[in-house]
Amino acid sequence: MAAAPPATAAVGAALREEDERGSGGAGPRMESSDLGSRQQGPIWHRKPSPAARQGVIVNIIHSVKGYHSKTIRFLNVAFDSSGDSLLAGDHQGNIYVFDLNGNRFNLVQRTMQACTALAFNLRRKTEFLVALADYSVKCFDTETKELVSWMRGHDSSVSSISVHGSGRYAITTSTDTAQLWDLDTFQRKRKLNVRQSVGIQKVFFLPLSNTILSCFKDNSVFAWEFDTLHCKYRLPTPVEGSVLLYKVFAVTRDGRIFVAGGKSNHLHLWCLQSKQLIRIIQMPAKVRAVRHLEFLPDSFDGGSNQVLGVLSQDNIMRFINIETCKLLFDIGSHEEGISTAAVSPNGRYIASVMENGSLNLYSVQALDQEGNKPPPPMFKVVKDWSKCTSEANKQAMRVTSGRSEWPWKSKGSKIQTRLLKLQVNSSFENKENELPGGLNKKRLQALLKGFGEYPAKYRMFVWRSLLQLPENHLAFSSLIDKGTHSAFVNIQNAYPIKSRKLLRVLQRTLSALAHWSAIFAETPYIPLLAFPFVKLFQNNQLICFEVVATVVVNFCQHWFEYFPNPPVNVLSMMENVLAHHDKELLQHLIKYSVTSQVYAWPLLETLFSEVLTREEWLKVFDNIFSNHPSYFLMIAVAYIICSRAPLLHCNQTADFEYFFHHRNNLDINVVIKEAYHLMEATPLDIHPQRMLDDFIPLTKGQYPVFNKYPTFIVDYQTQERERIRQDEIEYLRERQLAHELEAKAQERKAEDEAWYRKQELLREAEEQRRKILLEEEKKLAEQKQRLAAVKRELKVKELQFLDASRRRFLKYQQDQRQMELKRLDDEIARKASMREQETAATVQDVEVQRLELESQRQLFEQVAEENLTKAEQKRFDTDWRLQALHKLRRDDQNREKHYEEIAKILHDNRVKEAELLKTMREAEEKKWEEVIQKKAQLEEEQKAAAAADEHRKQFLEDKINDALELAEKLQREDGYFERLRDLKARRTERGVELQRVPRSGNICLNDLSASESSSHMSLDRRREELACQEQELMAEVRRLRQKLTSQAQTRRPPSRFQATKWTP
C-alpha cells in the first residue's frame, strides 16, 4: 500500500540547553558511592539532592583495592516493573540489586563471567534473568540467591531479553536466532531461525498486547501473533532513497508508535495501527549515529509517550519531544560519556552506564521540572500578576502543541486569588484528599468549580488519579487470557459497530468483566454502560477495564440487588429526591403512568451517553468522579428537573420514552449547578448519600470480589442459557443431519435414474454389438479356412528349414566345444600363475606391516618420553607457582584454598600420566592384535586358495564329462531314422568306447589330453561316414515326400485347391 509522504521535522541545533532545562544556577555536589568489597549496605549516606544542571542523584562505582587497585566496569542495568528497584551487572559477573526507596544495595549473585543482558520484570518479583558470555541464560532469585533455572540454546551472545507484560514469557535474541521461553517451566516453546546473510537485530513483545515484533538487519520488520505465531503484518519499506539501516528500536507504552534509528541522524516514526511511516525526525548535525533509544514514561500521557531519549555516538543522551521536535534536556558529556541507559517504568529515574564503568542515577524531575506537573501558570505564579502574564505569554510562544490555552483574560485575577487561598491552606488539608501523582482532591474540586471542567490534555491523568486505578497488569492479563466469554461471542449482531478495533476492545472488556463476576454476563445493559469508556480508552484496555470496574463498584451501588429487574431501591431514592424538589413534575409523570423506570433508568443504564454529546458527557463525568457517588444520582435528577418545561407538555408514554433516549436542547452547565444545589439542599433522611458508601478504589494486586447480586438468579440464568445453547446446538446438528440425509436421498435418486438410463443404453449397445459379432464370426470362419491351407504350406517349408538348421547347429556345437576346452586350459595356467603372485605379494605385505608396527612402537615410545618430559615440566611449573603464591599471598587468609588448588593440579597431572601410560599400552596391544589378525587372515587365504584349487579341478572334470555326454547325445540324434540299423550299431560301439574313459575325480591333466586327442581322431574318421549317411537320408526324405503328396492328392480332388488358392 502506498504511504503518504511523511512529514520531516528537524530538532533545531541552535536551541540552547539552558533554556530547555528550565532553571540555571549551580546545584550541590552530587553524591558518590563506592561499593568496594561490601555485599550490602546503604547506597548513599545522606539524602541526595540532585544537581540543578546535571540531575544526578548518585554516582555508583565498584573499585577493588589491593596490590593493583582497579575499577570493575558495570555493563548492563535494568529496572523492575515498579521502577523502585534497580538491577546492575558488572564485568566480573557480580549482580547487584539497588532498592531506591529503601536506600539499600545487595549483592545477589556472582556469575564469574560478564553479563550481556538483564531482565527484572518477571511475574515472580524476586526473580531475574541474566544472559552470560557463554551464550546461556540463567534465572536467579534475589532473596534466596539461588539458581532457579539454566536455559541454553543460543550459539552466539544474547543481546536482549524481552519479557511479556504478564511476566510469564520471555524472548532472548542473538544475531542468528530468537527463542521464546515459558518462564513457568523454563522450557523453550519456539525458535526463530533466519539466514546468516540476514541476521536479527531485535525481537521483543509489544506492551499491553499479544504481539511480537521482529526487526532484521535488512530493515524488515514483522509482527507476529503470540498465541499462534502467525505473521500479522509487515511494515512497508521506508522512503525510497533512504540509506538508514535500522540498528536500535523503541516502542511507546501503549504500543502504537514504533521508532527506529541507526547510522544516521534521522529517526523513523511508524504508526503500528496504520502500518505507515508518519514522521522522520532529524537530529542535530553533530549526531551521526544513534546507539540506543528509550521512551520516557509520563503520568499524564496515558501510555502514548511523547519524550524520547536518543543516545548518539558522542555518548550524549538527548531527550526530545517527538510531537514538537524540541530538545528538552540531555545527560552525559564528552568527558563523561554514556554507554547505555535504562528508564524506570514510572518515569522517575534514568540509570546510565558510563564509559568509565560507573553507574549514574538521574532524577527526571530534576532534569525536567515541568515533566510530571500540570501547566505552570495554574499553580506557580501567584505574586505578581504582570509577571505572571508575561511568563504565561512566553510559555505559550515557546510551546507550540496545537492545543487551546487557558482563558487568562478577565477572570484571571479571580482564579489566581482562589488558587492562592488553596495553596496557603494546603497544610491543613486531610491526608485522605491526597491522590496519586501528587494531586489533591480538594484542589481539583476547586479547580473544577472555577473552570467547569478539567483540561482536555490532562483529563485522563486526573481521572486515573481520582479513581486511584491500581493498574493490575497481571490480574488483567489473567482475565484476558481466559478468552472471549460465551455471552459476548456474537456481540456484533446486537451492536453492529463499524470500527472493528472498537468492537474488539468492547468484546475484550466485556469478557474480562464477565470473567471477573458472572453477573456481568447476564446484565443486558452492561455494553451500554461500558461503551463510552471503551471508546474513550480504546488504546489502553487495562485502564478501560479498571475505569468501568471502578464505576460499577462505586457509582452503581445496589444496582444488582433486584436483578434481573432494574434497581428499584436506587430509583426510589431518585424519586424521593424529585418529589422533594419538584413535586409538580412528579405528579405530572404519575398522572401519565410514567414511572422511574422510564424517566430515570434510561439515563443511568447508558451513563447519559444517549442524551449528551461527547464534550457534555466528559464535563459531566469530570464532576461525577470528583464527588461522592451519590452525585451521579443527583445529576440524573437535575437533568429531569431542568427538563421540566418540555416534560410538562408531554402527555403520551412514547413521548416520554423518546425524550429520555435522545439528545435534547439543554445547557449542561445548568444541570451540573442544579446537581450541586440538590447535593446541598436535599434533607439527610432522603439524601442518597445516606444509603451509598463512600468511594472505595480497586485493590492492588488482585481485583476485589464482586458478589452483590442474587447469585441463585444469575446461576439459574447461566444454567438456562447454557441449556438453551446446548439445545440450539443439538437442533442445529439435527437440522444439519436432516439436510444431509435429504441431500443424500436426492443424490441417490439422481444416481438411480442415471443408472437406469445407462442400463438402457448398454442394452441397445449390446444388441448392436451382437449383430456385429455374428457378422464378424462369419467372416472369421472364412478366414480360418483360408488360413488352414496356408498353415499347411508353411508347415512343409518349416520342416525343410528345421532340417537344414539342425545340420548347421551340430557343426557349430562341435566347434564351440573345442574352443571351450582350449579356453579352460589357458584359464588353468593363468590361475596358477596368479596364485603364486598373490602368495608372494601377501608375504611382502606382512613383512611391511611388521616393519610399520616396529616403527610405530618406537614412535609411541618417543611420544611417551615427550609426555613424561612435559608432565615433569608441568610439575616444575606447578612448584614454581606454588612458591610464587606462597611469597605473594603469605598474609592472605585464603592460603589454604590455593593449596587445595595446587594439590588438585598435581592430582590431575598424575591422573593424566596414568591415562597416557594406559593409552600407550592399549595402542601397543591393539597393534599386536592387528598383527595376529593379519596372520590368521593369511592362513585363511591360503586355505581358501587350496580349496579353490580343488574346486577348479572338480570344475574341469565336470566340463569334460559334459563334453562327452554332449558328443554321445549328438551321436544318438544321428540315429533318428530307424531304417539305418547299421549306423545305430556303430554308434553304440562308439558309446561303449567313450564310456571306457575314466571319470574318476582324481583324473590328471595328461589323461585328459589323451582322451581329447582320441575323441578328435574318432570325430575325423566319422566325417566321411556322416557324409554318406547324409546322402542316404536325403534320398529317403525325397521318397517320403513323394509318398505324402500322392496320398494327399487321392484324398482331395483338384477342384478344392482352386477354391482355397491365395488371390493377389
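The following legends describe close-up views of a predicted protein model. As this is a prediction, local features need pLDDT of at least 70 and side-chain atom pairs count only at pLDDT 80 or more, whereas totals for chains, interfaces and linings use all residues. Residues are numbered from 1 along each chain as its sequence is written, and side-chain values use heavy atoms, with hydrogens and water left out.

**Figure 1. Overall composition of the protein.** The protein contains 27 helices and 35 strands; helices (H or I, at least four residues) and strands (E, at least two) are DSSP runs, numbered from the N terminus. Of its 1064 residues, 39% are buried. Buried denotes under 20% relative accessible area, exposed over 50%, and partly exposed the range in between, with a 1.4 Å probe and protein chains only. Carbon and sulfur atoms account for 52% of an accessible surface of about 63100 Å², computed by the Shrake-Rupley method with a 1.4 Å probe. Among contacts (heavy atoms within 4.5 Å) between residues at least 6 apart in sequence, 58% join residues at least 24 apart.

**Figure 2. Helix α12 (residues 541-555).** The 15 residues of α12 reach 20 Å from the first C-alpha to the last, close to the expected 21 Å; the expected span is 1.5 Å times one less than the number of residues. Because 14 of its 15 residues are buried, α12 is largely enclosed by the rest of the structure.

**Figure 3. The open sheet β2-β4-β33-β32-β31.** Five strands form this sheet in the order given, with mixed pairing; two strands pair if DSSP finds at least two bridges between them. The edge strands, β2 (31-34) and β31 (338-343), each pair on one side only. From one strand to the next, the twist averages 20°. Strands β4 (residues 56-61) and β33 (residues 359-363) run antiparallel and are joined by four bridges. V56 stands opposite Y362 in β33.

**Figure 4. The β29-β30 hairpin.** Strand β29 (residues 317-321) pairs with β30 in the antiparallel sense over five bridges, and R318 stands opposite D330 in β30. Four residues lie between the two strands of the hairpin, and C325 in the turn has a positive phi of about 60°. Six of the six residues of β30 (residues 326-331) are buried, so this strand is largely enclosed by the rest of the structure.

**Figure 5. The salt bridge between D481 and R168.** The side chains of D481 and R168 meet at 3.9 Å, N to O; a salt bridge requires a side-chain nitrogen of Lys or Arg within 4 Å of a carboxyl oxygen of Asp or Glu. D481 lies in helix α7 (residues 473-481) and R168 in the loop between β15 (160-163) and β16 (169-173), so the pair ties together parts that are 313 residues apart in sequence. D481 is partly exposed at 45% relative accessibility, as is R168 at 29%.

**Figure 6. The salt bridge between E584 and R644.** The closest N and O atoms of E584 and R644 are 3.2 Å apart. Helix α14 (residues 583-591) holds E584 and helix α19 (residues 644-648) holds R644, so the pair ties together parts that are 60 residues apart in sequence. E584 counts as exposed at 51% relative accessibility, whereas R644 is partly exposed at 27%.

**Figure 7. The salt bridge between R770 and E766.** These side chains meet at 3.1 Å, N to O. R770 and E766 are four residues apart in helix α23 (residues 711-888) and are therefore separated by about one helical turn. R770 is partly exposed at 38% relative accessibility, and E766 is partly exposed at 46%.

Notes: Axes fitted to C-alpha atoms, helices over the stretch in contact; angles between N-to-C directions.
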